[in-house]
Amino acid sequence: MIAVYLILLIPFSGSVILALQNDPDRSRRYNTGFNALSLFCSIWLAVEVLLKGPLLSSGKQFYIDSFNVYLVVLTAFVGLTTALFSGAYMQHEWEAGKITPRRLRFYYSAYQAFMFTMFLVLTTNNMGLLWVAMEGATLATVLLVSLYRTPEAVEAAWKYFILCGVGIAQALFGTILLYFAAEQVEGIRPDEALLWTTLHENAALLNPGVMSIAFVFLLIGYGTKMGLVPLHNWLPDAHSEGPTPMSAILSGLLLNDALYAVVRSKMLVDQSLASHLPGYLMMGFGLLSFLVAALLLHHQKDIKRLFSYSSIEHMGLMTFAFGIGTPWAVFAGLFHMTTHSLTKSAIFVTVGHASQLAGTQRIDKIRGLINTQPAVGWGLLIGTLAIAGFPPFGVFASEFLVLIATMRDYPWLTPLLLIGIGIAFAGLFRHLQPMVFGPLPEGRQAIQANMTPVVLHLLLVLWLGISLPFFLGNWFNQATQLIAGSLPL
């Protein structure tokens, strides 16, 4: 378990060190270095789980299994590649006078604080500590949203804080109900009543009525963090007003962690209830979010808001898949979490460079990227093709598996998914075509752009679409068996 402690210690220490660091160049290098160390430790942890199976710390406060270990590696990887991008991006913002040296120092410190909370969400065995970590992530990202201190940024930060604060309060009440249900079971010690492993072992003995109510509050609370409709209003504003690297980790990491919390909760409630109520709730919220976000893509004027609604659409699809709950659907949901994180974070890197190139985030002002800066233009085009579900990219494969799972168990819902995918495709490409291929604006000059993260992410997504690596497929199979109880046939 040493790797777990290091994964938590590195970003925590990094946040403190970067808060005291005044040299921007050194801060940029340190930020990248801390994330590289976190990735190394996450791979070390994954190898341990692969060789030894699930790991439980001596105090039972940390638990690593096949479900969360791959998300730890994914979080560390996206954190590192986004750190590589954010160095050049934030340097440009500083030189342009958009942020002061003090705010730049705060940005790097908050970045590591956010990574610490994300790792804590994924590794903790305590449902109460999971809630605390999710609240910590909220506070870190609220401060990042308001980094530019413009009226719009402050308003977006307040909306984020209020809506997610209300949502996370619902999750707290759900967590209290979990404790109440566990305390009624003979043999469960009070100090272990919120441990996920203890709850999972005794799930069949927990009061079904209390667990049903608890799940409703947990779904609403953590669903707010996921951006599920109708609790989604904070997400587009947070994306559009905060720095672009924050958008990349918000869509690529925070939304995944909120979904992880919901799925962990569902695993407990499923064993307590004799019905499929948690699954139906997730399917309903997921399908509603998927369809509403697909429609709203057509009405966006800000490029970051456009892709934030795309994130809501895909989170809705993942929630729907986990709600179905069959082995095929769970495998598809896990696969889609991976492909979406890699693709969407790559897209936001290109969106950040495109916005800096045009000097605005307005879609009607971003034109001719292919001619102005071909790397950015091609990155945005290929990234959008991937997120829209074009073969042979991994998003196509994961969405296809969701469709197969739906056709097997709920065939009457398949047309709604196909319609939603078609609407989302049209919404993305009606905006994309003029941005990439439109007329070249006069006097626009190329900028320094770091496209390495984009190339790396899109190559990985292409690889996942062509052939799923054995080790990743093995992790998905083990996690599927843990969540659904059996493997896909």
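Q: What makes up the lining of the second largest pocket by class?
A: It divides into 2 nonpolar, 8 polar and 6 charged residues. Asp, Glu, Lys and Arg count as charged; Ala, Val, Leu, Ile, Met, Phe, Trp, Tyr, Cys and Pro as nonpolar; the others, Gly among them, as polar. The model is predicted: local features need pLDDT of at least 70, side-chain atom pairs 80 or more, while totals for chains, interfaces and linings use all residues. Numbering runs from 1 along each chain as its sequence is written, and side-chain values use heavy atoms, without hydrogens and water.

Q: Which of its lining residues lie nearest the centre of the second largest pocket?
A: Glu93, Lys98, Tyr148, Ser240 and Gln361, out of 16. H3, helix H9 (234-241) and H13 each give two or more residues to this lining.

Q: How do the classes divide in the lining of the largest pocket?
A: 17 residues are nonpolar, 1 is polar and none is charged. Of the 18 lining residues, Val73, Leu460, Phe471, Leu472 and Trp475 lie nearest the centre. H2 gives the most, 5 residues.

Q: How does the span of helix H1 (residues 2-19) compare with the expected one?
A: Expected span is 1.5 Å times one less than the number of residues. H1 has 18 residues, for which 26 Å is expected.

Conventions: 1 Å grid on protein atoms, 1.4 Å probe; cavity = no way out; pocket = protein on both sides within 12 Å on 5 of 7 lines; lining within 4 Å. Helix = DSSP H or I, 4+ residues; strand = E, 2+ residues; numbered from the N terminus.
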